[in-house]
Amino acid sequence: MKPVMQLFAAAAATVVFSTSVIAAPVANEAPDALVKRISADVIDSVKADKDIQAGNRAKIMDLVNSKILPYVDAQKMTQQAAGRHWRSATPEQQQKLTQEFRTLLVYTYAGALSTIKNETVEFKPMRSSPSDTDVEVRSQVNVSRGEPITLNYRLSKGDQGWKIYDVNVLGAWLVQTYTSTFNSEISKNGIDGLIKRLADRNAQLASKPLAAPAK
């Protein structure tokens, strides 16, 4: 994983996603309240489980799939990363591309969850109105060593409530980071080529143990 993606993964996994095992949104819960609640829960969950801290694959993948992915709009993330190419893809290609990108996100966050140590999160006042359906929640991660990490989220509101569809670390949006890679691969090998590249990468990640945190 490239250094910028390690930064995205470690920072985002620290505070982005997690809630009760039953992934049902709280009625009328504000987007900033949602992010605050799930950020506190994910930190507590990881710190309380030594198996997760040690890199236990089964527990980490279960945590990601049961408590993280229900709050991620994977299709919207994939659509935005693919840009104009999304419209030229068939429904089947769109479905496959979304599935492979979603799987890649699972591995990305799973590999970072065990790195959580003594981080704390500070949220900024949200600038929005009650009628907004697309908002940005701003925060920073205070780490034991080094400067705080700026970490912002884009959320949109749909029939199933608020979902996160992009993450900004130190001024760079995650979807935009993937856009360049997606465009390059599609230009060379088409949508099917991108699907294959993501599938191959996921197969590689599936065959490797999740790294335990550095001592």
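**Figure 1. Salt bridges in the predicted model.** In this predicted model, a search of the whole structure finds nine salt bridges, and several of them are described in this legend and the next. Elsewhere, Asp49, Asp51 and Lys59 are linked to one another in a network of salt bridges.

Figure 2. Aspartate 134 forms a salt bridge with lysine 76, and the closest N and O atoms of the two residues are 3.7 Å apart. This pair links distant parts of the chain, since aspartate 134 belongs to strand S2 (residues 134–142) and lysine 76 to helix H5 (residues 74–82), 58 residues apart. Aspartate 134 counts as partly exposed because its relative accessibility is 40%, and lysine 76 is likewise partly exposed, with a relative accessible area of 22%. In the other pair, lysine 124 forms a salt bridge with glutamate 122, where the closest N and O atoms lie 3.5 Å apart. Lysine 124, at 28% relative accessibility, counts as partly exposed, and glutamate 122 is also partly exposed, with a relative accessible area of 36%.

Figure 3. Five strands form an open sheet in the order S1-S2-S3-S4-S5, and their pairing is antiparallel. Strand S1 (120–123) and strand S5 (172–173) are the edge strands, each of which pairs on one side only. Strand S4 (residues 161–169) is joined to S5 by two bridges, and these two strands run antiparallel. Within this pairing, asparagine 168 has tryptophan 173 in S5 as its bridge partner.

Figure 4. The side chain of asparagine 152 makes a polar contact of 3.3 Å with the side chain of glutamate 136. When residues up to four places away in sequence are not counted, asparagine 152 touches Glu136, Val137, Arg138 and Ser139, as well as Asp166, Val167, Asn168 and Trp173.

**Figure 5. Aspartate 166 and the backbone nitrogens that its side chain reaches.** Aspartate 166 is found in strand S4 and is buried, with a relative accessible area of 2%. A polar atom of the side chain of aspartate 166 lies 3.2 Å from the backbone nitrogen of leucine 174, and the side chain of aspartate 166 also reaches the backbone nitrogen of valine 175, at 3.0 Å.

**Figure 6. The largest nonpolar core.** The largest nonpolar core has 50 residues, and those with the most contacts inside it are Met77, Phe101, Tyr153, Leu155 and Phe182. At least two residues of this core are supplied by each of helix H2 (31–47), helix H4 (57–68), H5, helix H7 (91–113), S2, S3, S4 and helix H8 (174–206). H8 contributes the largest share of this core, namely 10 residues. Phenylalanine 101, leaving aside its neighbours within four places in sequence, is in contact with Met77, Thr78, Tyr178, Phe182 and Leu198.

**Figure 7. Confidence along the protein chain.** The protein chain averages a pLDDT of 80, and 81% of the residues score at least 70. Among the elements of the chain, helix H1 (residues 3–15) has the lowest mean pLDDT, 50, while helix H6 (residues 85–88) has the highest, 96. Over residues 1–7 the pLDDT stays under 50, and for this stretch the model has 11 contacts beyond four places in sequence. The pLDDT also stays under 50 over residues 14–25, for which the model has 46 contacts beyond four places in sequence. Where pLDDT is low, the predicted coordinates should not be read in detail.

Key:
Residues numbered from 1 in each chain as written. Heavy atoms only, no water. Pairing = 2+ DSSP bridges. Helix = DSSP H or I, 4+ residues; strand = E, 2+ residues; numbered from the N terminus. Polar contact = N/O pair within 3.5 Å; in protein donor to acceptor, adjacent residues only side chain to side chain. Contact = heavy atoms within 4.5 Å. Salt bridge = Lys/Arg side-chain N within 4 Å of Asp/Glu carboxyl O. Buried < 20%, exposed > 50% of the residue type's maximum accessible area, 1.4 Å probe, protein only. pLDDT = per-residue confidence, 0-100. Core = buried A, V, L, I, M, F, W, Y, C linked by side-chain atoms within 4.5 Å.
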